[in-house]
Amino acid sequence: MKITTLAIMLLFSFATFAQKGNKTSPFNIMFDYHYNLGLTDRGYLHKSNRSDLKMYGNSIHLTGLYNLNQKWSVGAGLGLDRYENLGYNTFPIFVTSHFSPLEHIPSAYLYTNLGYAVGGEAFTKGMLFDLGLGYKLMLKRHFGFNFQFGYNLKDFRREMTVLDSNGRIYDKSYNQLRNSISFGLGLVF
């Protein structure tokens, strides 16, 4: 919990610094909502496709970015994700990288997120990976809109109670992989 508190304090300090209007400020904050349209779900006991099950999820992410130069930005973020048909809530903490390869369209970028969802009573732990395209429509230096389209991979790490053939009961760890297409909309500060 100390890491989570530290990450939240760091992101809000970035936001405060960025909003002061310092023209040399290399920081931006992004607050995004994502709809994750599930394609496949593969677990210990099952494999589902979109045609078998309506798979979807919703996520809200807060990301602090440090702009290295006009092409590269790196940062960290945290979020709350909910995968409805599974009933899983996740609390991911991740690092991110944005790259703008097109000089004639500097607002377009490629992004990647890599992180881990912290477990607990209400949260399912596991890895997170995102890869996609984004576009920032800046109305002011520190205010604009963010649009993203990409791929989302979520690895849920779960435990289940198993009864073996000898009548022994034990806990077994397993992974469940979810592949999704992600549509995001957010604000940039």
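Which residue forms a salt bridge with D155? The legends below answer this and visit a few other spots in the predicted model.

**View 1. D155 pairs with R157.** Here the partner of D155 is R157, and the closest N and O atoms of this salt bridge lie 3.0 Å apart. D155 has a relative accessibility of 8%, so this residue counts as buried. R157, at 32% relative accessible area, is partly exposed. The pair is part of a total of four salt bridges.

**View 2. D81 and K154 join strand 4 to strand 8.** In this salt bridge the closest N and O atoms are 2.6 Å apart. D81 sits in strand 4 and K154 in strand 8, so the contact ties together parts that are 73 residues apart in sequence.

**View 3. E84 meets R82 in another salt bridge.** The closest N and O atoms of E84 and R82 are 3.6 Å apart. E84 is partly exposed, with 31% relative accessible area. R82 also counts as partly exposed, at 29% relative accessibility.

**View 4. S97 and the residues it touches.** You will find S97 in strand 5, which spans residues 88–99. Is S97 buried or exposed? At 19% relative accessibility, this serine counts as buried, because the cut-off for buried is under 20%. Leaving aside residues up to four places away in sequence, S97 touches W72, S73 and V74, as well as L110, Y111 and T112.

View 5. The structure holds one cavity of 30 Å³ or more.

View 6. Which element gives the most to the lining of the largest cavity? That is strand 1, with four residues.

Methods:
Residues are numbered from 1 along each chain as its sequence is written. This is a predicted model: local features need pLDDT of at least 70, side-chain atom pairs count only at pLDDT 80 or more; totals for chains, interfaces and linings use all residues. Side-chain values use heavy atoms; hydrogens and water are left out. Helices (H or I, at least four residues) and strands (E, at least two) are DSSP runs, numbered from the N terminus. Buried means under 20% relative accessible area, exposed over 50%, partly exposed in between (1.4 Å probe, protein chains only). Contact means heavy atoms within 4.5 Å. On a 1 Å grid over the protein atoms alone, a cavity is a set of points where a 1.4 Å probe fits but cannot get out, and a pocket is an open set with protein on both sides within 12 Å along at least five of seven lines; lining residues have an atom within 4 Å of a point. Grid points are joined across faces, edges and corners, and a volume is the space filled by probe spheres set on the points. A salt bridge is a side-chain nitrogen of Lys or Arg within 4 Å of a carboxyl oxygen of Asp or Glu.
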